[in-house]
Amino acid sequence: MTEAPVTRLTVVADPSDLFGQPFTPAEAAAAGIGRAALERMVRRSSVVRLTRGVYLGAGVAITQAVRAQALGLIIGRRQTVVGRTAAWLHGCAADALLVGLERGRGVPVELRVPGERLSPGSTVVVDGIRTTTAVAAAADLTRRLSPEAAVAALDGLLRCGALGHRDLFPRGGSAPAPAGIPPETAARCDGRADGPAESVLRLHWLEARLPTPSPSVLVGGGRIALALPVHRFGVVIAGRVPEELRAGWSTRGWRVLALDGEQVLRTDAALVRAHLEREFHQHLLSQVG
């Protein structure tokens, strides 16, 4: 039998008060906002969907306490969150956890399967919510997700500070990797990635016939997501760099590609690799020609 979620002690009847904290569709209905109206607010970005079944007014800071409060509305006190939900509670940005999933639906609520045993020391309580540790969540995601989705999630955990890069590797000697994270996966993670598109793009680049890139390179006052400084070649996610900055890089002899983030996430990896290789070799030819 599923345990009942924690019940909010106060009834919020005023929409202006409602939007300042996590709320459910039932609470919105009690304040006079029906499901259709709530979905319109989501489409207009005046309300955001935090998790499946919990919303928050746009502009409200999504702190760890807010995330815990949101989960407290829909899970029981004795339930333990795992996987994506645990990573999100520890601070990982939602977009880093949604590679391969439908966007706009919020972070899925993933719970420990009844009867499943968790290893000693792999759980903690965060603001009243039982959860696996950040390292255990990382291992869980590595086992269950595609390589692209797993690296994007682990990059997100590194970026928010929930993990340090050393946490992903064995403690020394013949000890196994922490919580079973494969060393090759840990070696490919980098918290400098600014979102999942950069994480996935880095994986595609590493699998291409190209020199190893340097992440997050500053050139002329701007940031290049992945770069080969010696060759003055790099790539950014489109829309994140002003055109005048890219023009400035060009005058310095750089060739910087701007790739659409959604296309990076959706396009076949082989096509992305081929595009990077072609552009790099054309750049080399232009330098010697």
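Hello everyone, and a quick word on the ground rules. This is a predicted model, where local features need pLDDT of at least 70 and side-chain atom pairs count only at pLDDT 80 or more, while totals for chains, interfaces and linings use all residues. Residues are numbered from 1 along each chain as its sequence is written, and side-chain values use heavy atoms, with hydrogens and water left out.

Let's stay with the sheet. Helices (H or I, at least four residues) and strands (E, at least two) are DSSP runs, numbered from the N terminus. Two strands pair if DSSP finds at least two bridges between them. Here 4 strands form an open sheet, in the order β6-β7-β8-β9, with mixed pairing. At the edges sit β6 (214-219) and β9 (255-259), each of which pairs on one side only. From one strand to the next, the twist averages 40 degrees; for that, axes are lines fitted to C-alpha atoms, for helices over the stretch in contact, and angles run from 0 to 180 degrees between N-to-C directions.

Now let's walk across. As a reminder, strands of a sheet pair through backbone hydrogen bonds, either parallel or antiparallel. β6 and β7 (residues 222-228) pair in the antiparallel sense over 5 bridges. Their hairpin has 2 residues between the strands, and in it G220 takes a positive phi near 55 degrees. Moving along, β7 and β8 are also paired in the antiparallel sense, over 3 bridges, and L226 has V235 in β8 as its bridge partner. That hairpin has 4 residues between the strands, and R232 in it takes a positive phi near 55 degrees. Finally, β8 (residues 233-237) and β9 run parallel, joined by 5 bridges. F233 has R255 in β9 as its bridge partner, and V235 stands opposite L257 in β9.

How many of the residues of β8 are buried? The count is 5 of its 5, where buried means under 20% relative accessible area, exposed over 50%, and partly exposed in between (1.4 Å probe, protein chains only). F233, V235 and I237 point one way from the strand, and G234 and V236 point the other way.

While we are on phi angles, here is some background. Most residues other than glycine have a negative phi, and most peptide bonds are trans. S216 has a positive phi of about 55 degrees although it is not a glycine. S216 sits in strand β6 and counts as partly exposed because its relative accessibility is 25%. D127 is not a glycine either, and its phi is positive at about 50 degrees. You will find D127 in the loop between β4 (123-126) and β5 (129-132).

On to the pocket. Using a 1 Å grid over the protein atoms alone, a cavity is a set of points where a 1.4 Å probe fits but cannot get out, and a pocket is an open set with protein on both sides within 12 Å along at least five of seven lines; lining residues have an atom within 4 Å of a point. The largest pocket has a volume of about 330 Å³. Its lining has 21 residues, and L118, S122, T132, A136 and R143 lie nearest its centre. Helix α6 (residues 134-144) gives the largest share of that lining, 7 residues.

Next, the cysteines. Searching the whole structure finds 0 disulfides. C92 is buried, because its relative accessible area is 0%, whereas C160 counts as partly exposed at 34% relative accessibility.

One last stop is helix α12 (residues 269-288), where A274 lies. A274 and A208 are 66 residues apart in sequence, and their C-alpha atoms are 7.5 Å apart in space. At 33% relative accessibility, A274 counts as partly exposed.

Methods:
Grid points are joined across faces, edges and corners, and a volume is the space filled by probe spheres set on the points. A disulfide is a pair of cysteine sulfur atoms within 2.5 Å.
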